Each structure stands twice: as structure tokens, then as C-alpha cells.
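Hi everyone, thanks for coming.

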Amino acid sequence: LGGPGGDHTTKYNIVRPGKDGVEWDDFLLALPERDHLASFSKEVPLFIRYLKVVTDKEGRNEAFMAFLERAKNGLVVESDAYITAEELLAVMWKNGYSDSERNAIQFTFPNDYKFHYPELSVMF
């Protein structure tokens with residue numbers, strides 16, 4: 001992949017041949033469409049127990065009931081679109097959530113628990 005200008009690596013570690021007088025800002029990368037991702041049915045009993053406590057405390061029973069209805073036969077999610085509990089805790093810390101809110105996540109879910117978008121959207 002060598003060219004007259006040498007290799008050029010973007011912030012995504014994609015290497016392109018170098019060209020004199022050309023500075024690559026980024027390459028055009030397409031985000032996958034929802035139908036390109038593999039879906040599966042996820043059982044979420046641990047999350048439902050956690051969500052019940054949170055929604056009762058915040059007075060959002062209708063949000064809990066809507067999620068429970070959606071997840072009663074397994075929550076259909078995309079396999080590659082998630083964040084781990086560890087990543088969620090880091091984001092919560094950066095956004096100023098209290099220690100008690102972060103501890104509730106930390107002590108309820110294992111570090112490798114995968115939060116998919118339906119879970120995240122109902123939590124916040």
C-alpha cells in the first residue's frame with residue numbers, strides 16, 4: 001500500500017496509499033443499516049428486576065409496563081449494538097451521575113453485561 005507520499009492512516013487505522021498533495025480527512029465509511037445487523041432474542045430477568053426498582057423509585061410505572069410487554073417473549077436486539085456495564089459506568093461518571101446511581105449498576109450487573117438500546121432507552 002505504499003505510494004509516492006507514503007502510507008496514510010486515519011483515526012480509524014485504515015491505511016490508504018499516499019498521494020502527493022492529498023491530505024485525507026477521513027474515508028467515507030457507511031454505518032450499517034439495522035437489517036445488516038444480526039438480531040437475537042435476549043432474556044432479561046436481571047434487568048427487569050433492576051428496572052422495577054428504578055421505575056418504582058422514580059414513579060415511572062408506565063415505562064416499566066411498556067418494557068415488560070416488549071420483553072415478555074424475549075427482547076429482540078441487534079447483537080453488535082451494545083455497551084458493556086463498564087462502559088456505561090464510565091459514561092455515567094463523566095455525565096455527573098451520583099455514586100449511588102453508579103453503584104446500583106455496578107453491584108447489580110457483571111462488568112461484561114451487554115446493555116442494548118432498548119434497555120438504555122428505558123433506563124434514562
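So, what percentage of the 124 residues of the protein chain count as buried? It's 29%, where buried means under 20% relative accessible area, exposed means over 50%, and partly exposed is in between, using a 1.4 Å probe and protein chains only.

Before we go on: this is a predicted model, so local features need pLDDT of at least 70 and side-chain atom pairs count only at pLDDT 80 or more, while totals for chains, interfaces and linings use all residues. Residues are numbered from 1 along each chain as its sequence is written, and side-chain values use heavy atoms, with hydrogens and water left out.

Okay, the layout. The protein chain has 5 helices and 6 strands; helices (H or I, at least four residues) and strands (E, at least two) are DSSP runs, numbered from the N terminus. Going along the sequence, you get β-β-β-α-α-β-β-α-α-β-α.

Now look at helix α1 (residues 45-58) and helix α2 (residues 61-71). They pack at about 160 degrees, with axes 8 Å apart. Axes here are lines fitted to C-alpha atoms, for helices over the stretch in contact, and angles run from 0 to 180 degrees between N-to-C directions. That makes α1 roughly antiparallel to α2 (under 35 degrees is roughly parallel, over 145 roughly antiparallel, 65 to 115 roughly perpendicular, and the rest oblique). Who touches whom? In α1, F47, I48, L51, K52, T55 and D56 meet N61, F64, F67, L68 and A71 of α2, with contact meaning heavy atoms within 4.5 Å.

Next pair: α3 and α4 pack at about 180 degrees, axes 10 Å apart. So α3 is roughly antiparallel to α4 too. L88, L89, M92 and W93 of α3 make the contact with E101, R102, I105 and Q106 of α4.

Finally, the aromatics. A search of the whole structure turns up 9 aromatic pairs. Rings of Phe, Tyr and Trp (its six-membered ring) pair if their centres lie within 6.5 Å; planes under 30 degrees apart are stacked, over 60 edge-to-face, and the rest tilted. Take Y97 and F124: the ring centres are 5.6 Å apart and the planes sit at 65 degrees, so the pair is edge-to-face. It links distant parts of the chain, with Y97 in the loop between α3 (85-94) and α4 (99-108), and F124 in the segment after α5 (117-123), 27 residues apart. Y97 is partly exposed at 29% relative accessibility, and F124 is partly exposed at 46%.
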